[in-house]
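Subject: Handover of a structure

Hello,

Here is the structure I promised to pass on. Please open it first, then read my notes below.

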Amino acid sequence: MREITYRQALNEALAEELERDPNVFLMGEEVAEYHGAYKVSQGLLERFGPRRIIDTPISENGFAGLGVGAAMVGLRPIIEFMTFSFSLVAFDQVVNNAPNMFTMSGGQFNVPITFRGPNGPAHQLGATHSHATENFYASVPGLKVCTPATPRDAKGLLKTAVRDNNPVLVLEAELLYSSKGIVEPPDEELLIPLGKAEVKREGSDVSIICYAQTVPLALKVAAQLEEEDISAEIVDLRSIKPLDERAILDSVAKTHRVVIVEQDHPFCGVGAEVCYRIQKNIFDELDAPIFRVSQEDVPMPYNERLEKAVLPNADKLVAAVKQVCYT
Amino acid sequence: MTAMQPAEQRDEVEMLSLMLLIRRFEERASQQYQAQKIGGFCHLYIGQEAVVAGAVAAVRDDDYIITAYRDHAHALARGTSANACMAELFGKETGCSRGLGGSMHFFNRQNHMYGGHAIVGAHVPLAVGLAFSIKYRDEDRVTLCFFGDGAINQGSFHEALNLAALYKLPIVFICENNLFAMGTSVKRSTSLKQIVDRAEGYDIPGEIVDGMNFREVRDKVAEIVDSIRKEPHPAFLEVRTYRYRGHSMSDPASYRTKLELEKYRLDDPITRLRAQLTREGKLTNEQFDLLDKRSKEMVLASVKFAEASPQALIEKLHDFTYADGAKP
């Protein structure tokens, strides 16, 4: 048993995959000599050298496209976006080139690329730097999207992403880089499949469906609710696409009440898709309407008080749970 | 096209034959488009044949090539059969991209033709990625990246040139300057007097060649590629050419004069190479007529092949979204 940070877990995943497969390389802004804007690539330049740990100019479209081209001929690029807010500059490469290539070429060219970096609102970064991009990218056929919330999931999902033969986005939680958790020792191979949710806490009265930064929030709220005799089950999606529909339905069939807490915006957000699938498949199992807690539908304000008002928080989540539990 | 010959041995008569095949293919594609057998957008290469023929003649068959959406010729030049190309236009499963790509997305993995890309400028970073892999693997291949004059004002183009120069990658950026980005002339789109000067901004050596002259294109590309194989670096070639047809099938090209078109037609790349070979006693009129007849027959047969090919299966609709066949 050992506890490491989310940042260290990602670092181990990178190092292990670089070690395992000579086709893997890491490229992005400040990944080499600066050791990563969030220090995720600490020590990798020294260990693997500048051929495989590559600093780029500030040209997201350019280096994302370079990665896609390199993947077409069998390399396995890991492209770091300093934040997924900047991936929007490379939207054409991530949305038009990476996932379309396999179809457009009639199956001749798959694109085994990993795009990774912090995603979602952090703290007072303002509207341009606070994007939660999971719902944009999950809507694109050909992409896979995962959102680890714990160090263990971060390591296991990133390693799986690098080995996947399709473009995979690993959306890391910016606020969780320093959070700690138990992870298997480095000599034990840790791979967590894409498309598998995990029940992070068992419960019987209500299912709280969450991912990324909303997982620790949901766990905190579950502890609080227990004091009020409400037993909440916490389902961490871990992957947005593929979505583990089975795990969602199993939990809801048990509790009959659902709150989805997501870090993106409400309109066409991840929760909308989850909600649709629940009512379509097990309408009769529901004892109450499904509630969603998400960001408010506004660009992110800088002001700290307003930012807090935009984000999901414990009060909003508790209120939603009480509404679906009719208490 | 015969496959896998070293560049220096490529026969000029065969390359003339390729240029004829491209022209006859495009003429037939135009006719089939008008007959509504071909859907979507369709951009013809007629007039520009010497560019791809000259460039491909100067490289090895295992060098990488990638281009934009005016791509039929590049696929044919890389040994993709007329049958597979026409079937792709017809959207059939026997097409070079299984009928899933269409006119703008021709691919041939086996022959190192990496597409067929329809967002202007978006494939230039991909080309740099191909070149990156060459250097990463310490190979002596070269990447040829074709694009039109319209691509040079796109951000992705600039980012890609900078990256190629920064990492010293083995790539030739080949700008097929046909004077018009759709209906906008270079004069109205580009702040430079000549396109090749774009390269200077990235410290990439650049040259201009006459794209209506097969030999000039071939010899210049060969010289550049030779230098790249000795020491990897990017290079830029502005190839001055002209398309006889509009931007796409729906474009009557009323933004230019008949006089201008006639001027270029007099400088036709096929006529010119034919004249050079005839003058040197390497080709008789009878031989030329035979080559042309063969091209026409091959293309006609490709239409029959495409028509006879079975329709794509709806049952396979989800088979080409994820490489592992996943259906999330």
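The C-alpha centres of domain 1 of chain A and domain 2 of chain A lie 26 Å apart. The domain assignment puts residues 2-183 in domain 1 and residues 198-324 in domain 2. Such bounds come from an automatic or database domain assignment.

Some ground rules. This is a predicted model, in which local features need pLDDT of at least 70, side-chain atom pairs count only at pLDDT 80 or more, and totals for chains, interfaces and linings use all residues. Residues are numbered from 1 along each chain as its sequence is written, while chains are lettered from A and ligands numbered from 1 in the order in which they are written.

**Between the domains of chain A**

Domain 1 of chain A puts 23 residues into the contact with domain 2, and domain 2 of chain A puts in 23 residues. Two residues are in contact if their C-beta atoms, placed from the backbone, lie within 7 Å. On the domain 1 side, α6 (134-138), β6 (144-146), α7 (151-163) and β7 (168-173) of chain A each supply at least two residues. Helices (H or I, at least four residues) and strands (E, at least two) are DSSP runs, numbered from the N terminus. That side of domain 1 of chain A has 14 nonpolar, 6 polar and 3 charged residues. Here Ala, Val, Leu, Ile, Met, Phe, Trp, Tyr, Cys and Pro count as nonpolar, Asp, Glu, Lys and Arg as charged, and the others, Gly among them, as polar.

**Chain A as a whole**

Chain A has 12 helices and 14 strands. Its radius of gyration is 20 Å, close to the 20 Å that the globule rule gives for 327 residues, so chain A is as compact as a globular protein of that length. The radius is taken over C-alpha atoms, and the rule is 2.2 Å times the number of residues to the power 0.38. Along the principal axes, the C-alpha atoms of chain A fill a box of roughly 60 × 45 × 40 Å. Of the 327 residues in chain A, 57% are buried. A residue is buried if 20 or more other C-beta atoms lie within 10 Å of its own, exposed if 12 or fewer, and partly exposed in between, with C-beta atoms placed from the backbone. Take the contacts in chain A between residues at least 6 apart in sequence: 79% join residues at least 24 apart.

**Where chain A meets chain B**

Here 36 residues of chain A are in contact with 34 residues of chain B. On the chain A side, α3 (60-72), α4 (91-97) and α5 (101-104) each supply at least two residues. The largest share, 10 residues, comes from α3(A). By class, this side of chain A has 14 nonpolar, 19 polar and 3 charged residues.

Now α3(A) itself. This helix has 13 residues and reaches 18 Å from its first C-alpha to its last, close to the 18 Å expected at 1.5 Å a residue. The expected span is 1.5 Å times one less than the number of residues. In α3(A), 13 of the 13 residues are buried, so the helix is largely enclosed by the rest of the structure. After α3(A) comes A:G74, with a positive phi near 95 degrees.

Helix α12 (residues 285-308) of chain B has 24 residues and reaches 35 Å, first C-alpha to last, close to the 34 Å expected. Buried in α12(B) are B:L291, B:S295, B:V299, B:S302, B:V303 and B:A306. Their cover includes α1 (12-34) and α4 (82-89) of chain B.

Strand β4 (residues 171-177) of chain B is mostly covered, with 7 of its 7 residues buried. B:I171, B:F173, B:C175 and B:N177 point one way, while B:V172, B:I174 and B:E176 point the other way. In a regular strand the side chains alternate between the two faces of the sheet. Strand β3 (residues 143-148) of chain B pairs with β4(B) in the parallel sense over 6 bridges. Strands pair if DSSP finds at least two bridges between them. B:T143 stands opposite B:I171.

**Backbone points to check**

- A cis peptide bond joins A:K241 and A:P242, with omega about 0 degrees. A:P242 is in the loop between β12 (239-241) and α9 (245-255) of chain A.
- The peptide bond from B:G115 to B:G116 is also cis, with omega near 25 degrees.
- A:K39 is not a glycine, yet has a positive phi of about 65 degrees. With 17 C-beta neighbours inside 10 Å, A:K39 counts as partly exposed.

Best wishes
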